[in-house]
Amino acid sequence: MLTALRRTRRALVTTHKHPDVDGISSALALGWGLKRFGAEVQVVSPGGVPHEAAFLPGVESLVPSPSGRFDTAIFVDCPSMERAGLEPGAVAGAIRLNIDHHETNALYGDVNYVRPSMAASAQLVLRLLMALGLAVNPQVATWLLAGLYGDTQGLRTASTDLRALRDATALVEAGADAAVVARGIFGSLLHGQLRLWGRVLAGVEECNGITWATIDRAAWAEAGVPEGEDGGLANFLLGTQGTAVAALFQESSDGRVRVSLRSNPGVDVAAVAARFGGGGHRQAAGCTLEMSLEEARGAVIASLKRALHESRRGVTAG
Ligand code: AMP
Ligand code: MN
Ligand code: MN
């Protein structure tokens, strides 16, 4: 991986579609590192930058789609080629580097650096930059801390281990602005999203440790919120007492249903999402279903019930 990074002359750096702060920050930081080696770099945020990531310094340098040819295509925080927001052929002939922390990563790169035990891809990029002998400056440190905060909900998720805490400390020591990061990650909810939450939470359902909510097409339209920008509602649902698993069902205008899953340790929602063609992490995963809202809810809740039942059986037996 290090040799491939050093050899790059024309690099495309990109992340998954519907990008989040970890993906965008990791791509920006890696792009910075490659430029230090004299490479020409295009950092692509597929489809543009979501408003939650707009606070990151330097996001204006991102482009929504690639142009030109590349010797190396680097995917960060992207579990599969299908999840990359690139046209087929956009990176034809380029060496593919896959840098990611998703449990369900498909190892699609010519070189893969995949560590599911890491809380954020930003931590992998930090290690690569250090191994390349690059000292991160305050801006790069701020990006990487933002990625780590984004994927750990501000160092609060179960994935927040000693390494994550130490990396956060190292990044602050390197000059990361923790206040800007915290405000950026937790101060970006739009008023429309608050209205959306109000409406959606009025219909929240709960059954035996599973808590779920639904955003149908009418809810998006009435709140005036772009489809898919739920503001992290699934994480909020998991924060309720007695909830072991949370699910958020989002209806999109193409008729498909996007499902966000969150769990406390003990239930592997990546495995549940994978059963429906999706993936993610043990405690945070997603999938997209080609069925009606009602069918999607029925199928996913049934699968979650089974997973929860098995985990409880495992606990009493063990
Ligand atoms: P989300 O609920 O959209 O915030 O996604 C939670 C986690 O699951 C993230 O790490 C996503 O990258 C991953 N994820 C979401 N949807 C999919 C999918 N269809 N396929 C693979 N991974 C997904
Ligand atoms: Mn991501
Ligand atoms: Mn990530």
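This is a predicted model: local features need pLDDT of at least 70, side-chain atom pairs count only at pLDDT 80 or more; totals for chains, interfaces and linings use all residues.
A strand, in these notes, is a DSSP run of E with at least two residues, numbered from the N terminus.

**Entry 1: around ligand 1**

I found that β9 (257-263), β10 (279-280) and β11 (284-289) each supply at least two residues of the shell around ligand 1. I then looked for the strand that gives the most, and β11 does, with four residues.

I noted 13 residues surrounding the ligand, the closest being His 102, Ser 260, Arg 262, His 281 and Ala 285. By class, I listed three nonpolar, seven polar and three charged residues in this shell.

Next I looked up contacts with oxygen atoms of ligand 1. For Ser 260, an N or O atom in the side chain is 2.6 Å from one. For Arg 262, I read 2.9 Å from a polar side-chain atom to a ligand oxygen, and for His 281 the corresponding distance is 3.2 Å. I also looked up how much of the ligand is covered: taken alone it exposes 480 Å², and the protein buries 80% of that.

**Entry 2: the manganese ions**

Which residues are the protein donors of the manganese ion that is ligand 3? I found Asp 22 (OD), Asp 77 (OD), His 101 (NE2) and Asp 151 (OD), lying 2.1 to 2.2 Å from the ion. Along the chain, these donors follow the spacing D-x54-D-x23-H-x49-D. Asp 22 sits in helix α2 (residues 21-36) and Asp 151 in helix α4 (residues 138-152), 129 residues apart.

I checked burial for these two. Asp 22 has a relative accessible area of 0%, so I wrote it down as buried. Asp 151, at 22%, is partly exposed; the cut-off for buried is under 20%.

The manganese ion that is ligand 2 lies 3.6 Å from ligand 3, and Asp 77 coordinates both.

**Entry 3: aromatic pairs**

How many aromatic pairs does a search of the whole structure find? I got two.

In one, the rings of Phe 75 and Tyr 108 have centres 5.6 Å apart and planes at 85°, so I noted the pair as edge-to-face. Phe 75 is in strand β3 (residues 72-76), while Tyr 108 is in the loop between β4 (95-100) and β5 (111-114). Both residues are buried.

Trp 197 and Phe 236 also form a pair, a tilted one, with 5.0 Å centre to centre and 40° between the planes. I noted Trp 197 as buried at 11% relative accessibility, and Phe 236 as partly exposed at 44%.

How values were computed: Residues are numbered from 1 along each chain as its sequence is written. Chains are lettered from A and ligands numbered from 1 in the order in which they are written. Side-chain values use heavy atoms; hydrogens and water are left out. A residue is near a molecule or strand if one of its heavy atoms lies within 4 Å of it. A polar contact is a pair of N or O atoms within 3.5 Å; within protein, one must be able to donate a hydrogen and the other to accept it, and residues adjacent in sequence count only if both atoms are side-chain atoms. Accessible areas come from the Shrake-Rupley method with a 1.4 Å probe; for residues, only the protein chains shown count as cover. Ala, Val, Leu, Ile, Met, Phe, Trp, Tyr, Cys and Pro count as nonpolar, Asp, Glu, Lys and Arg as charged, and the others, Gly among them, as polar. Donors are N, O and S atoms within 2.8 Å of the metal (3.2 Å for Na, K and Ca); water is not among the atoms, so sites may look incomplete. Buried means under 20% relative accessible area, exposed over 50%, partly exposed in between (1.4 Å probe, protein chains only). Rings of Phe, Tyr and Trp (its six-membered ring) pair if their centres lie within 6.5 Å; planes under 30 degrees apart count as stacked, over 60 as edge-to-face and the rest as tilted.
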